[in-house]
Amino acid sequence: MANVVVVGAQWGDEGKGKIVDWLSEQADVVVRFQGGHNAGHTLVIDGVTFKLSLLPSGVVRPGKLAVIGNGVVVDPWHLVQEIASIRAQGVEVSPKTLRIADNATLILPLHRELDHFRETANAGLKIGTTKRGIGPAYEDKVGRRAIRVVDLADAAVLESKVERLLAHHNALRRGLGIDEVDPAGLLAELLAIAPEILPYAERVWALLDAERRAGRRILFEGAQGALLDVDHGTYPFVTSSNIVAAQAATGSGIGPKALGTVLGIAKAYTTRVGEGPFPTELTDETGELIGAKGREFGVVTGRKRRCGWFDAVLVRQMVKTCGIDGIALTKLDVLDGFEHLRVCTAYRLDGQTIDYLPACQAAQARVEPVWEEVEGWRDTTAGARSWAELPAAAVKYVRRIEELIGAPVTLLSTSPERRDTILVQNPFEN
């Protein structure tokens, strides 16, 4: 059976939640493999809206197993709240439907406090994080002092790990002028939340291997977009984890040969939340109009998204770094009514034309888009479920994007509703 990896091919907010939910009908297992609860996914199913940030999108489908892999950083208090919220909407969430890697790193209150302090301090570089502690938690993971899900099961081990963690953090907090963390208080908080988290703990690497060998279909779900990848994104304005498709293997404990098809998700235009370069950004009335029509506000933060025309350079680069086999193009309907559209086909940098985004931060800020104007369309694409329902100019726009990014559009989304999707090639059958 084929497995599928879903990754964002821009800066996130591409509509992965809907696509993963749509694909999960064919999957048996849906796995989150990186990020934390800084990623917001909105699902609209039969008029009911579900907002997820940590739980895999497949959790709203009955009969599917949702898995949070070891590559994810888990805020246990947020997880309990999100489970309660989804249950209140009639979704069953139990250890039978949700498993969490026992070696996943925990996000603690001190991580949130440190994240908030850094982003609100008057001095230093502002990354534009969600202030939810994701970055500091990954720092502790790499620094080999993190507390993990499995540590909650042994009070003695947990106490020693808290002491080791605070030896670092309290020294850091003293230097920043922040009150130190009381070890006994943190330990008590962790022991109190442990009974609500441990029933979900699992050796996910073994579970996924067994599911794969049994012929189950596995869908791997990334958070954010690959342009926020800590290695391949617009560094330092990135997240603290790898987002590219290869991380699906590392972040879940499954071998890379088992990943299968890679499906990239991209909007028919471009958006970005937070700081950092954005070559095709529109700061005029057109950008405001795209944002209003697309309801471009962050699910997690509520922050207004920056909007611009489609950047084929960036998506083409992510097609290569992620090994994308096909693209799911979303929000085509937002472009309805424009007389003319623009697509960025290359950049100018210091008088030269280049076909890639440079790694240098200063160079990224200096690149200027090379535009190609494309005919728009007056008729609506909203709700279309076949190519025949699309205006000819809209089809032409999609075909031109395919040419420019070097990958076919295998899915086309024309509204937030699950059923408003045009299937070109089923990723599970590639």
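Strand 11 and strand 15 (residues 326-330) pair in the parallel sense over five bridges, where strands are DSSP runs of E with at least two residues, helices are runs of H or I with at least four, both numbered from the N terminus, and two strands count as paired if DSSP finds at least two bridges between them. Within this pairing, A266 stands opposite L329 of strand 15. The model is a predicted one, in which local features need pLDDT of at least 70 and side-chain atom pairs count only at pLDDT 80 or more, while totals for chains, interfaces and linings use all residues. Residues are numbered from 1 along each chain as its sequence is written, and side-chain values use heavy atoms, with hydrogens and water left out.

Strand 11, which spans residues 261-267, also pairs with strand 1 (residues 4-8), again in the parallel sense and over five bridges, and here V262 is the bridge partner of V5. In a regular strand the side chains alternate between the two faces of the sheet. In strand 11, T261, L263, I265 and K267 lie on one side and V262, G264 and A266 on the other, and both faces are covered. Seven of the seven residues of strand 11 are buried, a term that stands for under 20% relative accessible area, with exposed meaning over 50% and partly exposed the range in between (1.4 Å probe, protein chains only).

K267 leads on to the charged contacts, as D13, K267, E296, R305 and K331 are linked in a network of salt bridges, each defined as a side-chain nitrogen of Lys or Arg within 4 Å of a carboxyl oxygen of Asp or Glu. By this rule the count comes to 23 salt bridges. One of them joins the side chains of E296 and K331, with 3.0 Å from N to O. Because E296 lies in the loop between helix 9 and strand 13, and K331 in the loop between strand 15 and strand 16 (340-349), this pair ties together parts that are 35 residues apart in sequence. E296 is buried, with a relative accessible area of 1%, whereas K331, at 24%, counts as partly exposed.

Another salt bridge joins K304 and E288, whose closest N and O atoms are 2.9 Å apart. K304 sits in the loop between helix 9 (285-293) and strand 13 (306-308), and E288 in helix 9, 16 residues apart. E288 has 46% relative accessibility and is therefore partly exposed.
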